[in-house]
Amino acid sequence: MRVRVLLCCLAASLLLSGQAEETEDVNEEVLMRDRSHIEKTLMLNEDKPADDYSAVMQRLRKIYHSSIKPLEQSYKYNELRQHEITDGEITSKPMVLFLGPWSVGKSTMINYLLGLEDTRYQLYTGAEPTTSEFTVLMHGPKLKTIEGIVMAADSARSFSPLEKFGQNFLEKLIGIEVPHKLLERVTFVDTPGIIENRKQQERGYPFNDVCQWFIDRADLIFVVFDPTKLDVGLELEMLFRQLKGRESQIRIILNKADSLATQMLMRVYGALFWSLAPLINVTEPPRVYVSSFWPQEYKPDTHRELFLKEEISLLEDLNQVIENRMENKIAFIRQHAIRVRIHALLVDRYLQTYKDKMTFFSDGELVFKDIVEDPDKFYIFKTILAKTNVSKFDLPNRDAYKDFFGINPISSFKLLSQQCSYMGGCFLEKIERAITQELPGLLGSLGLGKNPGALNCDKTGCGETPKNRYRKH
């Protein structure tokens, strides 16, 4: 009898303790973080009128199509860089890219910034690798999921060039339209987590090439880590190699910081820098944010004020990118124009050298092979560096032209001096005028606070009228 009573008491105590644990769990779920600092920093509650940049955008498109694209197509620049600019890319919103190992909180961070947790819009999250797709979050009047095949087929969007990565990739691309005020001004891209023991071939599509496509177009790149995943493997090393030259856009995030005690957090912070130091070869270290980007309240006895300040700093960074979207877009098109110009000058120099070395008895294929194999012997690159406004840091890799001319015979190109017309002027003069006058002028009109609406292509013609090169001035 006494044993039965003891068993009943034990069962009752276990039941009560279980109920207590459930009550604690409920209380923990109720303790959600205040979101007012997100709405205030990103100005989500302000009904300020949107800047009318339609005239600037129209002029930018016209400069690109009239002054840059003709030279780009004539010398097949997109086959060298695999970078073709579409109208959708010119008019697209700023893009924020989330990269990093699996289960570090990338999807949870997006849910938190957009306030999507516990709604039907939220991205799926978990302790295991959950995101196997490239997920693009865009603004739309209602919740809508768009398949990758549809996104690539829509030329009005900026994702149509992704079709070149094949159907296997398009099946791993998904777009989600969400009626959220922040997405009216920016686009978020969530990426599959890096798994070091997985071979690239197992993904079924060129993962690094796809990442490079998004990296080239991102205005802000968040590389997210958590305290338990600081090891650097081959795939992460390759990722940072692809980020080279984009250091100003990179922000390192040490997530889940409230899960550690102060002393351990300092050690993890040092270990993170130690792991990344060989991968980021720049004088100034990248900005590192230390916080916990999820909706639950910070854990007790942690540096709440520090984490909150770090979060606000990150939001200010994001807001700065949104505010400078037109300036960044113009600078991006100008940088693209500079690379197209250098490529055209190099192809012109290869062609001119080939013509100079050819004789009546020469074997054209052998002559050009000699030039491509050792361009320094013929001063190809040194001649281009001697020209004005050409930096050695903008020159493409010499080996890239071996592959380029392997696909495109040198005889299929014309000299720059032959790329002129009576009415249209010369291709080289037009792109140089765009780089030195038209695009800086467009950028200056924004920087000086001029009314963008005053710019009208119908009146200005979006640039100077081409001069008649056969007429004496």
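Me: Which way do β1 and β5 run, and how many bridges join them?
Reply: In this predicted model, β1 and β5 run parallel and are joined by 4 bridges.

Me: What about β1 and β6, how do they pair?
Reply: Their pairing is parallel too, over 4 bridges. Phenylalanine 98 stands opposite phenylalanine 222 in β6.

Me: Is β1 mostly covered or mostly uncovered?
Reply: β1 is mostly covered, as 5 of its 5 residues are buried. Met95, Leu97 and Leu99 point one way from the strand, while Val96 and Phe98 point the other way. In general, the side chains of a regular strand alternate between the two faces of the sheet.

Me: What is the order of the strands in the whole sheet?
Reply: The sheet is open and has 8 strands, in the order β3-β4-β2-β5-β1-β6-β7-β8, with mixed pairing. β3 (144-147) and β8 (287-290) stand at the edges; each has a single partner strand, so one side of each is left without a neighbour in the sheet. From one strand to the next, the twist averages 20°.

Me: And which way do β6 and β7 run?
Reply: Strand β6 (residues 220-225) and strand β7 (residues 250-254) run parallel, joined by 5 bridges. Within this pairing, isoleucine 221 has isoleucine 250 of β7 as its bridge partner.

Me: Which strands does helix α13 touch?
Reply: Helix α13 (residues 304-323) packs on the sheet and touches β1, β5, β6, β7 and β8. The direction of α13 makes about 135° with that of β8.

Me: Which strands does α10 lie across?
Reply: Helix α10 (residues 207-217) lies across β1 (95-99), β2 (134-139), β5 (187-190) and β6. Helix α10 runs at about 145° to β1.

Me: New topic. How many residues are in the largest nonpolar core?
Reply: The largest nonpolar core has 52 residues, and those with the most contacts inside it are Tyr350, Tyr401 and Phe405. Several elements give two or more residues to this core, including α3 (54-74), α14 (325-357) and α18 (427-447). The most comes from α14, with 15 residues. In soluble globular proteins, nonpolar side chains tend to be buried together.

Me: What is Phe405 in contact with?
Reply: Leaving aside neighbours within four places in sequence, phenylalanine 405 is in contact with Val347, Tyr350, Phe368, Val372, Ile410 and Phe413. Apart from this core lies another, of 48 residues, among them Val136, Val210, Phe214 and Phe225.

Me: Which residues of α17 are buried?
Reply: Tyr401, Phe404 and Phe405 are buried in α17. They cover an arc of only 90° around the axis, which puts them on the same side of α17. On the other side of α17, Asp403, Gly406 and Ile407 are exposed.

Me: What do the buried residues of α17 pack against?
Reply: They pack against α4 (78-81), α14, α15 and α16. At the start of α17, a side-chain oxygen of asparagine 397 reaches to within 3.0 Å of the backbone nitrogen of aspartate 399.

Me: One more: why do the buried residues of α11 line one face of the helix?
Reply: In helix α11 (residues 234-242), the buried residues are Glu235, Leu236, Leu239, Phe240 and Gln242. Seen down the axis of α11, these fall within an arc of 155°, so they line one face of the helix.

Notes
Residues are numbered from 1 along each chain as its sequence is written. This is a predicted model: local features need pLDDT of at least 70, side-chain atom pairs count only at pLDDT 80 or more; totals for chains, interfaces and linings use all residues. Side-chain values use heavy atoms; hydrogens and water are left out. Two strands pair if DSSP finds at least two bridges between them. Axes are lines fitted to C-alpha atoms, for helices over the stretch in contact, and angles run from 0 to 180 degrees between N-to-C directions. Contact means heavy atoms within 4.5 Å. A nonpolar core is a set of buried Ala, Val, Leu, Ile, Met, Phe, Trp, Tyr and Cys residues joined through side-chain atoms within 4.5 Å. Buried means under 20% relative accessible area, exposed over 50%, partly exposed in between (1.4 Å probe, protein chains only). The arc is that of the directions from the helix axis to the C-beta atoms. A polar contact is a pair of N or O atoms within 3.5 Å; within protein, one must be able to donate a hydrogen and the other to accept it, and residues adjacent in sequence count only if both atoms are side-chain atoms.
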